[in-house]
Amino acid sequence: MSLSPFHLAIPVYDLNAARAFYNDVFGLSEGRSSDHWVDFNFFGHQLVIHEHPKTPGQEEVHTNPVDGHNVPVPHFGVVLGWDEWEALAERLKARDTDFVIEPYVRFKGEVGEQATMFLLDPCGNALEFKAFKDMSQLFAK
């Protein structure tokens with residue numbers, strides 16, 4: 001499967017804290033930047049953090065029930081390879097990350113078996129990282 005990189009711009013009310021988070025927690029490399037925004041290489045995709053006053057969604061996280069967990073909405077993230085996901089989960093746990101949903105495996109042994117975890121950036125933007133045991137099941141029903 002060949003994918004084109006996506007571009008996603010998100011609001012952050014503390015540019016310095018968000019910049020440090022994406023640099024330090026994930027080790028993302030920076031691209032272009034200004035005093036008000038920063039581009040990151042987000043696992044091969046372009047993520048831009050833009051300085052912006054706090055949004056209602058950043059003040060109070062809305063959730064929907066999914067698989068016995070309260071999944072934050074909206075959220076974004078990336079689907080990683082299984083080994084890459086496991087390494088990221090271990091790195092985040094070693095950093096004492098405050099997860100919204102701790103790393104776990106859904107549908108174990110079933111069609112669509114996937115690993116997932118959720119966390120917030122310092123400005124309340126929800127991120128999900130997931131991986132599929134069988135990547136061909138990404139869009140399976």
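## Overall architecture

Helices, taken as runs of at least four residues, and strands, taken as runs of at least two, are assigned here by DSSP and numbered from the N terminus. On that basis the chain, which is a predicted model, has 3 helices and 10 strands. Read from the N terminus on, these elements follow the order β-α-β-β-β-α-β-β-β-α-β-β-β.

## Dimensions and packing

The C-alpha trace of the chain spans about 50 × 35 × 30 Å along its principal axes. The radius of gyration of the chain is 15 Å, which agrees with the value near 14 Å that a compact globule of 141 residues would have.

Of the 141 residues, 38% count as buried, and the accessible surface of the chain comes to about 8100 Å², with 51% of that surface belonging to carbon and sulfur atoms. When contacts between residues at least 6 apart in sequence are considered, 55% of them join residues at least 24 apart.

## The β5–β6 hairpin

Strand β5, covering residues 62–66, pairs with strand β6, covering residues 69–73, in the antiparallel sense and over 5 bridges. Within this pairing, V66 has H69 in β6 as its bridge partner. The two strands β5 and β6 form a hairpin with 2 residues between them, and D67, which lies in the turn, has a positive phi of about 55 degrees.

V61 is placed in the loop between α2, residues 56–59, and β5. Together with V100 and L120, V61 forms a nonpolar patch on the surface, and the accessible area of V61, V100 and L120 together is about 190 Å².

T116 is located in strand β9, which comprises residues 114–120. With a relative accessible area of 2%, T116 is buried, since the buried class takes in residues under 20%.

Leaving aside residues up to four places away in sequence, T116 touches W85, E102, P103, Y104, R106, E128, F129 and K130. One of these residues, E102, is 14 residues from T116 in sequence, and the C-alpha atoms of T116 and E102 are 8.1 Å apart in space.

Methods: Residues numbered from 1 in each chain as written. Predicted model: local features only at pLDDT ≥ 70, side-chain atom pairs only at ≥ 80, totals over all residues. Heavy atoms only, no water. Pairing = 2+ DSSP bridges. Patch = residues over 30% accessible without salt bridge, like charges linked within 9 Å, V, L, I, M, F, W, Y side chains within 5 Å. Areas by Shrake-Rupley, 256 points an atom, 1.4 Å probe, with all protein chains shown as cover. Salt bridge = Lys/Arg side-chain N within 4 Å of Asp/Glu carboxyl O. Rg over C-alpha atoms; globule rule 2.2 N^0.38 Å. Buried < 20%, exposed > 50% of the residue type's maximum accessible area, 1.4 Å probe, protein only. Contact = heavy atoms within 4.5 Å.
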